[in-house]
Amino acid sequence: MHEADQHDLIRVRGAREHNLKNIDVDIPKRRLTVFTGVSGSGKSSLVFATIAAESQRMINETYSAFVQGFMPSLSRPDVDLLEGLTTAIIVDQERLGSNPRSTVGTVTDAHAMLRILFSRLGHPYIGGPTAFSFNVPTQKAGGVMTSATGKKKIVKEAIYLGGMCPRCEGRGAVSDIDLTQVVDESRSLLEGAILVPGYTADGWMVRGFAESGLYSPDKPISQFSARERDDFLYSEPRKVKIQNINMTYEGLIPKITKSMLAKDLDALQPHLRAFVQRVATFMTCPDCAGTRLTEAARSSKIDGVSIADACDMQITDLAAWVHGLDLPEAAPLLSGLGATLNSFVTLGLGYLSLNRPSGTLSGGEAQRIKMLRHLGSSLTDVTYVFDEPTIGLHPHDIQNMNTLLLRLRDKGNTVLVVEHKPETIVIGDHIVDLGPDAGTGGGRVCFEGTVEQLRASDTLTGRHLDDRAALKPEARRGAGALRIRGANEHNLQNVNLDIPLGVLTVITGVAGSGKSSLIHGSVAGREGVVVIDQTAIKGSRRSNPATYTGMLEPIRKAFAKANGVKPALFSANSEGACPSCKGSGVIVTQLGFMDTVETPCEDCGGKGFQAAVLGYTLGGKDITEVLGMPVSQAREFFAGDAAKVAVVVGMLTRMEDVGLGYLSLGQPLSTLSGGERQRLKLAIQMAEQGDVYVLDEPTSGLHLADIQQILALLDRLVDAGKSVIVIEHHQAVMAHADWIIDLGPGAGHDGGRVVFEGTPHDLVASKSTLTGRHLADYVGAR
């Protein structure tokens, strides 16, 4: 063997990142390796925070110091040795940006290729590719234009075409403002007439209006003349003098439109988001009919189809249209566009359209979109890293995903997959099982070897790998029903449905069949309905489960009462913060165009608190020791007499019930997976007085052994008199249901119909749908 061919392993020695216990692992190259283990056992710490992070860091170091200044700063993982690394391409579950102008077409190459196609072959011809872009406005310019050679030219009314609809600014929707929620016309400005958050009567924002000299600040708004009212609400920017200082004055409505209404709703603080939702009614832009494009861009067509029509098509239909075009002059472009659209279909995303806002995609859909660019890649000997690629996939779709993973491996790449689904675990060439428990009880390698060796092992994963849930011997009977009539949200086709109350109902179907459209369009928002989805938890880098759940406040008060001091001392964001690092625990050093360096604060040892604060204890523990406790340990601590806090015990108990007993109270929220975020929200909302609980794939991120725990929780909710509706693909949950509603038969316009409703027994017996056939195989029905 040639010496160069001997490097067939990725060797990890002494990995200690997060909860890893100094582990050693050998991972074969050019094979599919699956990492398993309970949630919180250290899989992501090994795969993402150690192997992938070091690969990215070493590649970044090959760039010049100037270029590195524009790249994220990556510190070296806590590991003794890493050998045999190759370039790592990470395909994770991070949701795509929710910018209102970001769509499925813009985050892939598909829209760019369509713009080129229409700019070359569209009739009538209206301009270059930017003329079809809803992110580029049409601009007029005048003045002196200087060329690269220094030649000057006077330009008058030069027009640079863009495709952005001027009315909605490329968003496809315009907002109508409810003035009664913005201004109380019975009051004057000095009496608090402006109801916008931050515009207090004695504040600087209102002062600019009150001292503008355009109207009296003591007069009720209802008594303003037409001119004064227009100046107050709608004035264009103008210069005014306030206390002899030249200031720019602008009407209230354009001012709040720029500062709040024009921004991404999810990026706003909670109180501002609530205000915007209260005052703004969003409707389809009447000028562009929601297409985001100018009339000129919509008028240019190929075979009677405009770019707006193309982006509105379901991708399966768009692919058929592109393949049917006979345009030899654009053959290479059509070939590339067709291949991209075919990749959408191969990944099970053919039901999407290119104008679908990227922020509305689930974590699983976002991950599969990120895979697009890699399917046709010519790269080999690359390490692909996937984080639960089967999330959000129907059992039928998982088979297609497995085929794609094997195709990447067969091209000579190393494929590392963090996964819980047995259907994907069994295709692995090599299995690494971490555990045995979560959090501090995990971080060890429990098994390495083949799937057959895993089955014969006595590890938790090995014992549960072939688990198959049995159908309930007798399903509960509903008491009443939640009626849905004429549901036609998105691809739903006038669905009429009675969802039984007082039982566990599972809504299933292939990805894109209309499950979320049915629930969020016809069930969410009703009185007594509590919806727990997988949307990202909002919070800064200082946020953690203790702050997010509200537990930190009673904990701080308990510390304050036990020590006779102020509660603010026990907050790393307030008086107790270390003055050197301001409570963050790290010192950030900016090195100009070189990497930003983060080092643990030497004054507080990375704890974020002043040394004096750590001298105060509760039950023998200081505040950092309490925040470092896992939930299960903290529950016992706060249930004891030494530190008894009933409200904290209640929240910690609910967190244990949803399978988060391994999380530490101070763990940053940014490190939580999508499934962990949803279960954290479930723990909080279980305390709400709802009658119907709706959960969106609560098994996401759960190990095979933990499924029973979530099923027991759902049973307890139903037994307590609640109705539980679950959108789910996991067959164990389907088998445990009292009632199943199956949507389909396909995705997109091929779905949106109820193809089955009844008990799991009836679905398995009939095998009338795709779900029924897979569930019958799962429970062993013949």
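**Entry 1: E169 and R171**

The model is predicted, so I treat every value here as computed from it. E169 pairs with R171 in a salt bridge, and I read 3.2 Å between the closest N and O atoms. R171 is partly exposed too, with a relative accessible area of 23%.

**Entry 2: other salt bridges**

How many salt bridges does the rule give? I noted a count of 33.

I then took D466 and R455. Their closest N and O atoms are 2.9 Å apart, and the two form a salt bridge. D466 sits in the loop between α17 (460-464) and β18 (481-487), while R455 belongs to helix α16 (residues 451-456). Eleven residues separate the two. I logged D466 as partly exposed at 42% relative accessibility. R455 is partly exposed as well, at 30%.

Next came E553 and R556, a salt bridge with 3.1 Å between the closest N and O atoms. Both lie in helix α20 (residues 552-563); they are three residues apart, so about one helical turn separates them. Is R556 buried or exposed? I found R556 buried, because its relative accessible area of 14% is under the 20% cut-off. E553 is partly exposed, with a relative accessible area of 36%.

I also found a network of salt bridges. It links K472, R476, D715, D719 and D738.

**Entry 3: A173**

I went to strand β8 (residues 173-177), where A173 is placed. A173 counts as partly exposed at 28% relative accessibility. I checked what A173 touches, leaving out residues up to four places away in sequence: C168, M283, T284 and C285. I also looked up A289, which is 116 residues from A173 along the chain. The C-alpha atoms of A173 and A289 are separated by 8.5 Å.

**Entry 4: nonpolar cores**

Which residues have the most contacts inside the largest nonpolar core? I listed I555, I623, F638, L652, M655 and L665, in a core of 71 residues. Helix α25 (residues 707-719) supplies the largest share of this core, with seven residues. I noted a second, separate core of 62 residues; F118, W321, F344 and L347 are among its members. In soluble globular proteins, nonpolar side chains tend to be buried together.

Not counting residues up to four places away in sequence, M655 touches P545, T549, M551, V631, L660, G661, L680 and A683.

**Entry 5: a nonpolar patch on the surface**

I turned to the surface and found a nonpolar patch formed by Y63, F66, V67 and F70. Together these residues have about 440 Å² of accessible area. Where does F70 lie? I placed F70 in the loop between α2 (65-68) and β4 (81-83). F70 is exposed, because its relative accessible area of 64% is over the 50% cut-off.

**Entry 6: H729**

I looked up H729 in the loop between β25 (723-727) and α26. H729 counts as buried at 4% relative accessibility. What lies 3.0 Å from a polar atom of its side chain? I found the backbone oxygen of G509 there. The side chain of H729 also makes a polar contact of 3.5 Å with the side chain of K515.

**Entry 7: helix α28**

Which of its residues are buried? I listed T771, G772, H774, L775, A776 and Y778. The elements covering these buried residues include α14 (395-410), β20 (504-509), α26 (731-736), β26 (739-744) and α27 (760-766). After α28 I reached G780, and its phi is positive, near 80 degrees.

Note on methods: Residues are numbered from 1 along each chain as its sequence is written. This is a predicted model: local features need pLDDT of at least 70, side-chain atom pairs count only at pLDDT 80 or more; totals for chains, interfaces and linings use all residues. Side-chain values use heavy atoms; hydrogens and water are left out. Buried means under 20% relative accessible area, exposed over 50%, partly exposed in between (1.4 Å probe, protein chains only). Helices (H or I, at least four residues) and strands (E, at least two) are DSSP runs, numbered from the N terminus. Contact means heavy atoms within 4.5 Å. A polar contact is a pair of N or O atoms within 3.5 Å; within protein, one must be able to donate a hydrogen and the other to accept it, and residues adjacent in sequence count only if both atoms are side-chain atoms. A nonpolar core is a set of buried Ala, Val, Leu, Ile, Met, Phe, Trp, Tyr and Cys residues joined through side-chain atoms within 4.5 Å. Patches are made of residues with over 30% relative accessible area and no salt bridge: like charges are joined within 9 Å, nonpolar side chains (Val, Leu, Ile, Met, Phe, Trp, Tyr) within 5 Å. Accessible areas come from the Shrake-Rupley method with a 1.4 Å probe; for residues, only the protein chains shown count as cover. A salt bridge is a side-chain nitrogen of Lys or Arg within 4 Å of a carboxyl oxygen of Asp or Glu.
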